[in-house]
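Trainee: I'd like to learn how to read a protein model. Could you walk me through one?

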Amino acid sequence: MVTLHEGGYYLLGGREWVPDGEAARRQGLPPKKEAELGGIARRILRDHNKGEGEDLLRLTFDSLVSPDNNYTSILQTARASGLREFPVPYVLSNCHNTLCAVGGTTSEDDHAFGLSCAKRYGGIFVPRYRGVLHQYMRERMAGGGRMILGSDSHTRYGALGTLGFGEGGGEVAKQLLGQTYDIAPPQVVAVWLTGSPRPGVGPMDVALALVGATFRNGFHKNKVLEFLGDGIGGLSVEYRMGIDVMTTESAALSSVWRTDEKVRRWLALHGREEDFRLLEPAACAHYDALVEIDLSRVEPMIALPFHPSNVRTIREFSAAPREILAEVEEEGRKLYGGGFSLSDKIRDGRLMADQALISGCAGGMFENLCAVRDILDGYVIPGDSLGLGVNPASQPIAAELMRQGIAQDLTLSGAVVRPAICGPCFGVTDVPASGQLSIRHVTRNYPGREGAQKNRGQWSCAALMDARSIAATVRRGGRITGADELEVSYREYDYHYNPEIYEKQVYSGWGRPVAEEPIRLGPGIADWPRMYPLGDHLILRVTGAYEGSVTTDDLIPSGEASAHRSDPNRISEYLLVNKDRELVGRAKAVREEERRRREEDRLEDQDLAEAFRWLREKTGAGLSQVTIGGLLAAPLLGDGSSREQAASSQKVLGGWANLAEEYATKRYRSNLINWGLLPFTAEELPSLAPGQLLVVPHIRQCLAEGKAQVEGYLVSEGMKPILLGLGALTSTEREILLKGCVINYYRREQ
């Protein structure tokens with residue numbers, strides 16, 4: 001199904017793969033460096049690179065996009081840094097927090113703020129329910145050879161020939177301020193598709209097979225995927241999109257596909273044929289690794305809780321559900337306590353689901369919902385069975401479902417067709433009852449992602465499946481069922497796109513800023529608190545230390561917390577609330593000690609005072625030269641979404657560093673840097689507990705000198721030295737850390 005090949009490979013004539021070892025014995029092959037530009041991804045990166053050296057790309061983007069769960073904080077950051085006008089088209093989408101279900105008027109206040117900013121600075125404002133941000137960008141903005149930066153981690157438009165990067169808000173703010181996105185040239189991994197999917201196998205099945213084979217071993221972490229091979233030709237453009245959007249879950253940096261006449265026709269259908277570019281590898285191209293996927297061998301898949309990489313074929317899972325669920329239950333009891341159980345949902349050898357949802361950028365596309373209609377044809381979901389909620393990815397898709405009677409058929413089958421929002425994926429709608437299992441065609445199934453609140457004694461969980469197998473499961477009364485187990489007559493549907501929905505209902509102010517437009521600031525929208533430069537020396541108190549992985553959903557949970565997204569102080573109260581309810585109090589205590597040091601020139605905490613005396617004896621430093629801050633530590637930090645609040649909330653609460661053996665994604669590490677949090681690493685994490693102190697002398701000098709490692713001292717172990725890695729930092733990133741955050745850096749630049 002999926003085969004991984006490490007080491008470099010040449011692709012010759014678009015068909016023959018030659019490993020580097022064999023290539024060395026061949027005559028006439030160009031050097032790898034030269035052949036690399038034969039690939040699609042590297043040519044796009046080259047065309048967007050404003051830098052001159054080979055070791056660092058300085059990239060600009062053709063357009064930007066943000067959803068309403070983070071565009072307010074991005075705009076506030078950019079405004080505080082001197083924003084005057086959007087330099088490229090910037091799309092503000094209102095698809096994450098649209099129902100005003102929590103937080104009073106927070107959502108509408110944010111939307112009013114976003115519209116006023118779109119008018120003031122010359123942006124594009126997509127009102128709520130018109131489209132999920134990624135579907136809007138596919139339909140209106142993506143095109144061959146382009147690059148798009150978004151503040152949502154699933155910014156992926158590779159099927160149309162666009163490199164999409166999902167990053168934290170700080171990187172989008174930099175682009176708004178006319179700066180570049182700086183990154184070392186990424187490796188590129190070829191994904192070679194052969195064969196054709198069998199009936200009942202959908203794009204999520206292919207995507208989960210890829211994620212399951214590559215995430216845990218980090219095969220292409222922070223690398224760009226380039227999809228090639230004859231198998232592409234047999235896939236519709238929507239099918240490709242459904243695979244492409246899930247490459248985020250494999251930890252890839254971005255992805256792009258070979259384009260063909262199907263892409264041309266898709267763009268022409270959407271009134272944008274001029275945006276097509278034929279993209280294919282040159283006669284000789286070089287890649288850093290190779291993934292082969294035989295589409296004909298892919299089966300219906302299920303990603304069990306609590307990660308998209310926890311993948312099994314439905315056939316394999318159904319053969320031994322109790323044995324396989326035992327691992328899930330062990331993890332669930334660690335998370336939620338002894339009451340967590342899924343095996344009690346097994347009936348007649350099959351696991352029973354309690355809820356079914358198909359939604360958003362991954363699930364809510366036209367062809368997926370047509371297949372659901374075909375599978376449910378002639379069946380009505382009983383009132384005491386699991387429900388089926390459907391969110392089309394855009395209003396044009398919803399309109400076409402209505403025009404062809406598909407929405408009516410779904411409704412008569414008992415499915416509920418709702419607006420184009422991200423709700424189920426983001427945990428702000430359709431939260432299952434406590435103790436329930438939800439099956440979903442969305443992008444993630446992390447703990448708490450479905451909206452349950454551990455701190456209130458709730459637990460629920462989600463498994464990911466393709467829309468086809470979800471429909472088959474619904475038809476079987478909730479028994480987990482692969483779509484290939486049913487005899488289904490799949491129809492051919494032609495799609496008609498109506499551009500009037502966007503042309504008449506979306507505010508498009510790109511290139512037409514209105515400088516006198518007043519900015520609307522609701523009471524829930526607050527400015528960033530003042531942040532201070534880094535001192536010469538650093539004393540860190542461990543505010544939280546954890547085992548295993550800490551995700552961005554752990555750091556700032558989905559659901560209720562998002563109601564406070566536009567008030568930095570209020571949302572910071574939710575930092576790690578579902579994992580460690582004492583964390584916020586500990587962090588505030590450290591923040592208060594730093595305030596005393598800065599404003600009163602004294603320390604009240606005796607352990608901190610003792611650590612300072614040691615530092616003074618070692619360096620001669622005065623208290624005014626020291627920064628005191630909080631430290632979060634875990635072996636793996638930052639898996640998950642690009643939400644910048646996961647880092648900015650740490651900063652607001654007085655954090656100054658993270659310590660990990662590894663950062664799960666580049667975007668989380670970038671978020672830390674942009675908010676002035678030092679991204680420390682250690683080859684082996686020391687045993688740490690809340691309250692322990694770590695002293696880092698001369699940190700400012702080390703940063704200024706470009707050192708990749710600094711020495712810290714663990715107070716609890718008799719000032720035992722520990723080597724702290726900083727990794728590769730650009731000159732701009734070092735300056736941001738010295739200034740204390742990206743806002744301070746750009747205020748200086750003005």
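**Reading the model, feature by feature**

Mentor: Let's begin with contacts. Of the contacts in the chain with a separation of 6 or more, 76% are between residues 24 or more positions apart. Keep in mind throughout that this is a predicted model.

Trainee: Okay. How many helices and strands does the chain have?

Mentor: The secondary structure comes to 28 helices and 33 strands. Along its principal axes, the C-alpha trace spans about 80 × 65 × 60 Å.

Trainee: What does the radius of gyration tell me about the chain?

Mentor: You compare it with what a compact globule would give. For 750 residues that would be near 27 Å, and the chain has 26 Å, which agrees.

Trainee: And how much of the chain is buried?

Mentor: The idea is to ask how much of a residue's surface is accessible; under 20% relative accessible area counts as buried. By that rule, 63% of the 750 residues are buried. The accessible surface of the chain comes to about 26400 Å², and 45% of that belongs to carbon and sulfur atoms.

Trainee: What about charges? How far apart are the mean positions of the positive and negative ones?

Mentor: They are 2 Å apart, for 86 positive and 97 negative charges. As for charges that pair up, the structure holds 53 salt bridges.

Trainee: Can we go through a pair? Which residue does Arg333 meet in a salt bridge?

Mentor: Glu329, at 4.0 Å from N to O. Here's the general idea first: an α-helix has 3.6 residues a turn, so residues three or four places apart point the same way. Now the case itself: Arg333 and Glu329 are 4 residues apart in helix α12 (residues 321-336), so about one helical turn separates them.

Trainee: Are those two partners buried or partly exposed?

Mentor: One of each. Arg333 has 39% relative accessibility and counts as partly exposed, whereas Glu329 has 6% and counts as buried.

Trainee: Which parts of the chain does the pair Arg128 and Glu108 link?

Mentor: First, the pair itself: the side chains of Arg128 and Glu108 meet in a salt bridge at 3.6 Å, N to O. This one links distant parts of the chain, with the partners 20 residues apart: Arg128 is in the loop between β7 (124-126) and α6 (133-140), and Glu108 is in helix α5 (residues 106-121). Arg128 is partly exposed, with a relative accessible area of 27%, and Glu108 is partly exposed too, at 35%.

Trainee: Let's turn to the backbone. Where is there a cis peptide bond?

Mentor: Look at omega for this. A cis peptide bond joins Pro305 and Phe306, with omega about 15°. Phe306 sits in the loop between β16 (301-303) and β17 (311-313).

Trainee: And what is there to notice about phi at Tyr129?

Mentor: Tyr129 has a positive phi of about 75° although it is not a glycine. You'll find Tyr129 in the loop between β7 and α6, partly exposed with a relative accessible area of 24%. Met719 is also not a glycine, and has a positive phi of about 60°. Met719 lies in the loop between β32 (709-714) and β33 (720-725) and is buried, at 17% relative accessible area.

Trainee: Last one: why is helix α24 described as largely enclosed?

Mentor: Count its buried residues. In helix α24 (residues 645-652), 8 of the 8 residues are buried, so the rest of the structure largely encloses this helix. Its buried residues pack against several elements, including α22 (583-600), β28 (626-639) and α25 (666-674). Just after α24, Gly654 takes a positive phi of about 95°.

Definitions and conventions
Residues are numbered from 1 along each chain as its sequence is written. This is a predicted model: local features need pLDDT of at least 70, side-chain atom pairs count only at pLDDT 80 or more; totals for chains, interfaces and linings use all residues. Side-chain values use heavy atoms; hydrogens and water are left out. Helices (H or I, at least four residues) and strands (E, at least two) are DSSP runs, numbered from the N terminus. The radius of gyration is taken over C-alpha atoms; the globule rule is 2.2 Å times the number of residues to the power 0.38. Buried means under 20% relative accessible area, exposed over 50%, partly exposed in between (1.4 Å probe, protein chains only). Contact means heavy atoms within 4.5 Å. Accessible areas come from the Shrake-Rupley method with a 1.4 Å probe; for residues, only the protein chains shown count as cover. Lys and Arg count as positive and Asp and Glu as negative; His and the chain ends are not counted. The place of a charge is taken as NZ of Lys, CZ of Arg, CG of Asp or CD of Glu.
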